[in-house]
Amino acid sequence: MEQQPARPRRETRLDTYVERYAARTRGMTASEIRALFSVASRPEVVSLAGGMPNISGLPLDSIGEMVQELVAEQGAVAMQYGSGQGAPELREQICDVMRLEGIDAHPDDVVVTVGSQQAVDLVTRIFCDPGDVVICEAPSYVGALGVFRAYECDVVHVEMDDDGLRPAALRDALATLEASGKRVKFLYTIPNFHNPAGVSLSLPRRQEILDIAREHDVLVLEDNPYGLLGFDESPRRALRADESERVVYLGSFSKTFAPGMRVGWALAPHAVREKLVLAQESSTLCPPSFSQLMISSYLAGQDWMGQVKAFRELYRERRDAMLAALHDLMPTGTTWTVPEGGFYVWLTLPPGLDAKAMLPRAVTARVAYVPGTAFYADGYGSQCMRLSYCYPTPERIREGVRRLAAVIEEELDLVETFGPSTHALQRSYDTPNTDLT
Ligand SMILES: Cc1ncc(COP(=O)(O)O)c(C=O)c1O
């Protein structure tokens with residue numbers, strides 16, 4: 001009998017360290033949609049997926065001159081290690097920036113971080129043990145969910161509506177968690193121009209959320225990178241403006257200046273601030289001196305408020321283009337939020353459609369978005385997607401929405417013929433999720 005010769009063993013590329021990683025790395029998984037995004041970044045694809053600030057309007061020439069001046073005049077400081085808490089002059093300027101949102105703060109209580117992303121990490125590091133509960137909006141910022149997962153927190157989502165987080169839902173969730181003996185470490189909230197939901201917490205609700213936090217003795221982590229990017233009015237009052245002992249406020253220069261600087265900050269009650277500085281020192285020794293001095297010179301020497309105004313106008317034009325295109329082109333049964341600032345629209349597909357299952361077909365049709373499931377810790381959100389309008393031109397946005405609408409129409413035809421996708425479940429957060437195991 002003839003036999004197939006034994007095949008040489010194929011070299012596998014399995015990770016030989018797999019047995020040695022810490023348990024917490026199990027939560028660190030690459031996004032399932034990362035592979036698709038390499039296709040989505042091709043020029044023929046209209047990407048409504050990325051949330052990159054549109055820095056095309058930055059005056060790079062004068063920034064170049066600033067860099068030269070900085071190196072000539074303060075090079076020795078800019079190239080050196082600095083304070084773990086951040087440069088004192090910048091911390092004072094940060095207090096001036098926060099005053100625009102009604103916050104009266106002392107520079108001693110500010111910790112400069114490597115973007116506000118690092119501030120989310122440091123706060124979680126000092127507060128959360130594995131299994132501790134963090135309450136987040138449903139949906140929530142994917143980068144924060146990644147941090148909470150890395151520290152093995154249990155995320156409990158609480159429903160939002162067009163006015164932001166629903167106080168009644170928050171009350172219910174806290175009561176249920178308390179009844180089951182769960183330790184809630186903090187509420188993570190994005191009150192302004194939410195990423196990804198596009199909504200903002202209404203002013204009356206801000207007081208109510210603070211009252212609930214006091215009643216239930218819960219710390220609030222207020223993440224506010226988009227606060228100065230509102231389209232129609234002056235900045236909204238921060239939660240931190242009315243509560244200094246129970247709120248850790250996070251800010252960033254990524255959206256108002258440039259994300260490449262990687263400068264953000266945390267404003268915290270005094271004792272928490274001390275722990276944050278220790279955590280910062282063990283994480284990076286100090287935030288980058290060069291970036292801090294750059295931001296400091298930018299705030300002192302340039303018309304930075306004028307630049308923020310220019311950003312607001314640029315994003316408002318794109319928001320308008322997206323809303324008009326959605327209104328003109330989307331099939332019946334599709335709904336979306338109307339952002340008053342920031343970068344994002346949250347779109348809900350007609351019943352029976354699944355945004356994740358649809359993504360490969362959308363990319364084939366040369367349009368990309370982020371499926372809603374990326375913004376939930378518990379696998380829900382499949383009927384939704386995040387659309388970003390910050391980067392493409394208004395014309396490209398309209399073209400992207402036109403392509404997306406055509407894909408949705410095709411999906412609707414399929415659903416009509418074959419029935420709904422089995423994945424297309426939409427969770428109701430009316431009942432808080434306490435299934436934390
Ligand atoms: C809600 C939210 N928080 C934090 C960040 C992190 O921003 P950075 O680290 O650039 O300050 C982002 C970035 O998109 C964000 O959308």
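Me: Is aspartate 161 buried, partly exposed or exposed?
Reply: This is a predicted model. Aspartate 161 has 30% relative accessibility. Buried means under 20%, and exposed means over 50%. So aspartate 161 counts as partly exposed.

Me: Which residue forms a salt bridge with aspartate 161?
Reply: Side chains of opposite charge can pair when their charged atoms come close. Here the closest N and O atoms are 2.8 Å apart. The partner of aspartate 161 is arginine 205.

Me: How many residues apart in sequence are the parts that aspartate 161 and arginine 205 tie together?
Reply: Aspartate 161 lies in strand S4. Arginine 205 lies in helix H7. The pair therefore ties together parts whose separation in sequence is 44 residues.

Me: Is glutamate 243 buried or exposed?
Reply: Glutamate 243 forms a salt bridge with arginine 214. The relative accessible area of glutamate 243 is 12%. The cut-off for buried is under 20%, so glutamate 243 is buried.

Me: Are the rings of tyrosine 226 and phenylalanine 343 stacked or edge-to-face?
Reply: The structure holds 10 aromatic pairs. In the pair of tyrosine 226 and phenylalanine 343, the ring centres are 5.1 Å apart and the planes are at 70°. Planes over 60 degrees apart count as edge-to-face. So this pair is edge-to-face.

Me: Which helix holds tyrosine 298, the residue that pairs with phenylalanine 257?
Reply: Phenylalanine 257 and tyrosine 298 form a stacked pair, 3.8 Å centre to centre. Phenylalanine 257 sits in the loop between S8 and strand S9. Tyrosine 298 is in helix H9.

Terms used. Residues numbered from 1 in each chain as written. Predicted model: local features only at pLDDT ≥ 70, side-chain atom pairs only at ≥ 80, totals over all residues. Heavy atoms only, no water. Phe/Tyr/Trp six-rings, centres within 6.5 Å; stacked < 30°, edge-to-face > 60°. Helix = DSSP H or I, 4+ residues; strand = E, 2+ residues; numbered from the N terminus. Salt bridge = Lys/Arg side-chain N within 4 Å of Asp/Glu carboxyl O. Buried < 20%, exposed > 50% of the residue type's maximum accessible area, 1.4 Å probe, protein only.
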